[in-house]
Amino acid sequence: MDNLLNKLNPIKNIYISVIVPILAIFTALILSSVVIILSGSNPLLAYLALAEGAFGNLNNWIETILKTTPLIIGGLGVALAFRGGLFNIGVEGQIFVGSIASVIIGTTLKAPAIIHIPLTLLAGVIAGAVWAAIPGYLKAKFGAHEVITTIMTNYIATRIITWSIGMNGPLRKTTSFVPETNSLLETARLPIMISDTRLHIGIVIALILAIVVYILLFRTTLGIEIRTVGLNITAAKYCGIKVNRNIVLTMAISGGLAGLAGAIQVMGLPPYNFTAGFNVGYGFDSLAVAVLGNINPIGVVFSAFLFGAMDSGARLMQLRAKVPVDMITILQGLILMFVAANQIIRGIYRIQIQDKKADKVNLSQGWGGGSK
Amino acid sequence: MKRNLTKLMVLLAILSILLTACQPKVSETEQPVQNETSTTKVEEKEECSYKIGYVSDVGKINDQSFNQASWTGVEEAAKLLGLGKECYSFIETTDSADYEINIRSFVDEGYNIIVTSGFAMGAITRQIAKENPELFFIGVGQEQVNENFEPDPYPNAVGLNFREDFGGFLVGALAGLMTETNVVGGVFGCQFIPPVARYEVGYYNGVKFVNPDAKVINVYHPGSIDVCFSDATFGSETAKALVSEGADVLYGAGGLTANGALITACNQGAYVLGTDMDQFVTLPEVKDCILSSALKDIQEGVVGVIGSIADGSFGGGDVYAPSSLAPFHNLDSAIPEDAKVLLEEIAEKLYSGEINPCTPFEGSNPNTFCVPIK
Amino acid sequence: MKNNNIEPILKIENITKKFPGVLANDRICFELYPQEIHCLLGENGAGKSTLMNIIYGLYTQDEGKIYVKGEEVDIKNPNDALGLGIGMVHQHFMLIPVMTVTENLMLGQEKTTGLRLGQLSKLDRSTVSKELRELATKYGLSLNPNAYIEDLSVGEEQRVEILKVLYKGAEILILDEPTAVLTPQETDEFFNILRMLVKQGKSIIFITHKLKEVLTIADRITVLRNGKTVGTTTPNETNMHELAEMMVGREVLLNIEKGQPDPKEKVLEVSDLFVMDNRKLNVVNGVSFFIRAGEIYGIAGVQGNGQKELVETLTGLRKSIRGHVKLLGDDVTNDNARSLTLTGIAHVPEDRQKHGLVMGFSIDLNLILQTYFQSPFSKFGFINLDSIQENATQLVKKFDIRTPSINTPVMNLSGGNQQKVIIARELNRPIHLLVVNQPTRGLDVGSIEFIHRQIVDARDKGVAVLLVSAELDEILSLSDRIGVMFNGKIVSEMNSSEADKTTLGYYMAGLTREKIVT
Amino acid sequence: MEINLIIGLSTLAIIKAAPLVFGALCGLLGERSGVINIGIEGMMLISAFTTFLGSALFNQWTGGIFPTNLSLLVGLFCGITSGALIAALHAVLSIHYKIDQVISGTVINLLAVGLTNYIANVYIDPTHLSGVGVFPTIPIPILSDIPIIGPILFSHQPMIYLMFIMVIFMQYLVFHTPMGLRMRSVGEHPRSADTVGIDVNKTRYVNVILGGVFAGLGGAIMVLESVGRFQKLMTSGRGFIALAALIFGGWTSTGALGSALLFGFSEALGVRLQFGDLNHVKVIVIVSGLVILGLGIFLLIKKIIEKEISIKKFISISILIVLGSIIMIGSNYVKFPTFSIPIEFLGLLPYLLTIFVLAGFVRRAKGPAAAGIPYEKQ
């Protein structure tokens, strides 16, 4: 959201940006409860377990936060790309590449933590940025559609990484029959915030990043350029913005964030390494998170928290109510749908607010004959 | 809008009342596991003599193979011990970063027998077992070894292991005996997963053992962990290719990918060989062309170990369950007697150590980690 | 003249149409008699187009009745309209660029051949293009049926539009600002076509805001103002000034008064410039001219003769393939937009919504689009909201931009105010050259006057101004020197004192001096 | 390379291409009328699911008294219907509610994965619901006896033939019928379509929902002609590849077929190379030669059609062609090292090709101008 626009009518904006999502979630819960009932379980029980699993005790809270962290950062990445008129479906692959890069630095380099940690994080950022810059370049140079190219780079990343941790792969931990890399050295692991828990400082980084991205978008000249390109490429050209450079840059930043998300996962969570089946699906969740957060950095924090809570609550939901974890995916899909098509919600609950079209990015712009 | 809110609240309430009504009907047809979970949870909680938790590896519980076998084992054991439905449950792992927390949440929930399946969870299972000596841990497919592969058993943890290469070898031999075109095929899941690799290598050796000049075409799914076990379509298409290449016996090991291959090969008129469970039962589509399955009695194994806990005979360390042939079922008549005899002999030679089914061959998959049986 | 016992072929009673905030049509009445050309006169925003869109079924009226041949009709969509023999040629052509003339012609009423499979039967292109040829020859509108629209000139496109309407068998033709894109000569030609159509039995509603045309072509004239009917008259009962007053409601100065120019040093020098368009065709072929500080150089010409590309090249949006551009003596050929902006070129683009503004941004952001990276608006890459807002508040006052607040997204502003935002942004910084392309297209008289004033003031401050416009009146009333562009060349240059519409018209049509003399 | 290999590869390529083609046709109808659809993956998954459910349950309830093929047809019907229904959801969300078409596609993908997995978990797997088999291979008399062509093209299961027919039919429909004309007009310039009395949104609804039918076929073919039952996530990304195929194909059905075959072929190659009887290096060299040659010829034709063949371009193109042929021919005389490429990399072929093609070929191919933009009546 354009912060200047916010001033237009603060109360109404807060109202719309809070009440509608809440009602959307509520409605989604109602609908999915039908599915749960049909499958012979008790929705109330399931939802209670879900809630307890997410917030029941300190450890559950911590797990929720741990799940939220990568979603925030990944979501920020997607949101930023959207702001620049780019549809970065490649976050999945960028997370992988980022985590692998930080594994490489984190396992090989010998340095005191004070240097090692930042370097390892940086490795993730750079790797992700470069990996994302490729589709960016292809779009800028050839107009190759980023949705397609990022999907392809996802496949490529996962395949190469699978190979690299495979038996003869360069990163394979030799003393393991599991396809996994060595664990990061002590000096490369993120410090724990509450002793004897898994809570590392990743969440702090994530929250800071949210603010940074907000400032970047709405308080810097680069932000103006990114958003101008996102809203009107021709106007951007007219006022002398280097559109192509901007596209590549936006993708790079977006990918850098994704890479960082990956780095934090390997640096923060035991066994501090990359195994097959690591972080599958975070990329696509980030996409949903970004959209749910109305591609606004602050909104992303909340939606990431929502998704994180559901993901971590899912454990108890299965354990107690024996409801398969896929229910979470259904829930998330429904929530996304109702938030995006909030007219439905407004219709059900008869909320009278005029659409605020302003600053609305067309996520599928430049698809075909469009701007590019 | 308030009015509508309350309206929906009411709706939700009604739904959850309805639930009790439709409960039995549903459970008959759909889910024996789940009836009266909701209604009778609280009071029966205390009655559990044991609480069994199961953590699946990344991938679906009902993959009609590895994970499912373990889970069915848990269910069976629970029935034998006369435990109520609320005394055992599962968590399906969606992200390998969650292994630890998933296991721990069973610990927190006061479960005292925890089954984890998949070599990937080995290390963390052992670690948690160490921290909680009063609880029992069963690791399916997890050797109880330390960083350097040296045996290092804990009293409260059992590694339930299998020599998949045995089963692979046996079905391989069967395939080698049954093929008329002298071409046999195999479709496998992720090549970097040791059990799969053991099946493949065993299968290859088995065929060559009985039929040295037979051609063995084994294909792995080239994808990463998120697809290589679940790409049934790939398996099916590959099977078509193998059959048109002349393969008349096809073996499949690797979750849904393999299932796709088996069904298609069957439809194309080839004999098929199943994996892990007796797929004559779990994959009805192939019941008329499945010769046998490389049984890995995960189910029996799990039941056995849990039983040993009940009767106090539980001791830590590695248990090596046999890996054998499933019954021939419908095709029993199709298999010549001398072949059956030969298979018996081979089985004996395997267990006596006379044959090493895991012998690497030129270009064989390095990811087997066959541990010699003591 | 028409005697009133013939019943009107089209009759409109008390049509009223509300849009959020505006009353576009307010109880409008008007009658169209068979075989007459009825001009609908009114300035932009008077409600002409709304009314016509209602008749054509694109909108539905809130109140009021429509009668065709005496019977009340209910026109829900264009199909109904076409069914009743009402056809419309829109101001912005409704043709699909990637399709052929034939395809565009048959779209909506496709002729098919072979098996009758309804929507799935085979298109009968050959027959249609044959019919098209016949139709074209009948009305003397030559066309290649298989040409793709994107390759046609604007004039040709208009012919396609008219043929489209005729092909669909319209008896009543609604023409919305049809002459905007034509040279005076083409216009005369076009008028002849109209007269022929009338002879052939068609009736025509002719929407325009050009008084002179009205007086030449109309049988009767109805004037609209602020959505109301002001009155109906005939050409020989009225005159330009009367019409102008009816139209605007006050005395308008048809020419803005400006002092004599005193040109100083050369600011812009273009020599032998060649530019390609997106289709890689040469559309600017060796243009050379210069503009001095303190003069307005007007480029007259029919759209699509290279003006657009020329302007884009001068403002760094397009690369030239040959030739030189000098700004204050130093070569700036093919410099990018940013550096040109910094060296003091201001650009008011042709399409304000596509190029000039970011519709989603608020006014204050749009006002700094060219300068956001400079102090005081930003320091070390961080923007300074206060100075941005302060700047906006000032400019809104100075250029009298009507808006609820400086935080309003420009998409909520009227066309006039949007254009003012651009003018404000471009004039509010030190500039040597001002490039304005179609500065007043589609604006109301008030804004037009204001913007013309601004341009002249800029000139008087010693800025060199390049004015590109399809409106000859605009060119004539503003320019000090005029160049006429045809086929990518400047075919003639003259001082505005010695220029007049006909001469310009001839050059715009590509005729040479000799031809004019003889 | 010897004939059988080529036959084998081509046949497998066609089989692998079929679901992609159906998916692409789904996208084609939508995008030609201005509605982007990245939910193809989800639509195919759901259709595969319902196809299986339909055929299996019908067979179960009727106690198998009807011939297999009938239950399969019932399944096909269910698949198509559900495809249309889920497409209708996409249509309502993106046309009526005007939510961003990309988001609505994402929603569909999420729901598809969630629902199918969930129901499979709680119903199909516990009950061991069994599939009823697949359509038989029906060699076309006479034609299937033609050497090479015969086995490659004319001995397949019915839906493969249907796929070819549909491709041709769609080419006809899009470019030679009133429906196609209107579809394209709506996708290119909705406003002008509106002014000649074409109901833009209705046209879009119709096309998106028809597209759903094709997605339905795409899902169904995986169940009815390959796997024979539903398996979780059995589409595994094919919907997205289909989207890519559509875009290379320059939004035409024949083009989509071509690019789908390209994917199919390279994926087939990835499988075939595992058979162990080929020299990986040699094959890769030959294939890259093929690609270069193909690229050259493609560009040549393209330039000739666009009539903008300059000497410079011609030279560079002919260099491509010559290079390609040299590699192809030369490869027969060179002794290649026997070295087997890791299978993960063999699996990479299609995706790398995609990127090269995107960068190399279709840079100027433009999609329908109005794709992705909801139509607002002024």
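The model is predicted: local features need pLDDT of at least 70, side-chain atom pairs count only at pLDDT 80 or more, and totals for chains, interfaces and linings use all residues. Residues are numbered from 1 along each chain as its sequence is written, and chains are lettered from A in the order in which they are written.

Chain B is divided into domain 1 (47-162 + 297-323) and domain 2 (164-295 + 336-352), with bounds that come from an automatic or database domain assignment. Their C-alpha centres lie 28 Å apart. Domain 1 of chain B gives 14 residues to the contact and domain 2 of chain B gives 17, where contact means C-beta atoms, placed from the backbone, within 7 Å. On the domain 1 side, α3 and α12 of chain B each supply at least two residues.

Helices are DSSP runs (H or I, at least four residues), as are strands (E, at least two), numbered from the N terminus. The axes of α3(B) (residues 66-80) and α12(B) (residues 298-310), lines fitted to C-alpha atoms over the stretch in contact, come within 7 Å and cross at roughly 40°.

Chain B also meets chain D, with 33 residues from chain B and 35 residues from chain D. On the chain B side, α9(B) gives the most, 8 residues.

The table gives residue classes (nonpolar: Ala, Val, Leu, Ile, Met, Phe, Trp, Tyr, Cys and Pro; charged: Asp, Glu, Lys and Arg; polar: the others, Gly among them).

| Contact | Residues by class |
|---|---|
| α3(B) with α12(B) | 8 nonpolar, 6 polar and 1 charged residues |
| Side of chain B that touches chain D | 10 nonpolar, 16 polar and 7 charged residues |
| Side of domain 1 of chain B that touches domain 2 of chain B | 6 nonpolar, 6 polar and 2 charged residues |

Conventions: Axes are lines fitted to C-alpha atoms, for helices over the stretch in contact, and angles run from 0 to 180 degrees between N-to-C directions. Two residues are in contact if their C-beta atoms, placed from the backbone, lie within 7 Å.
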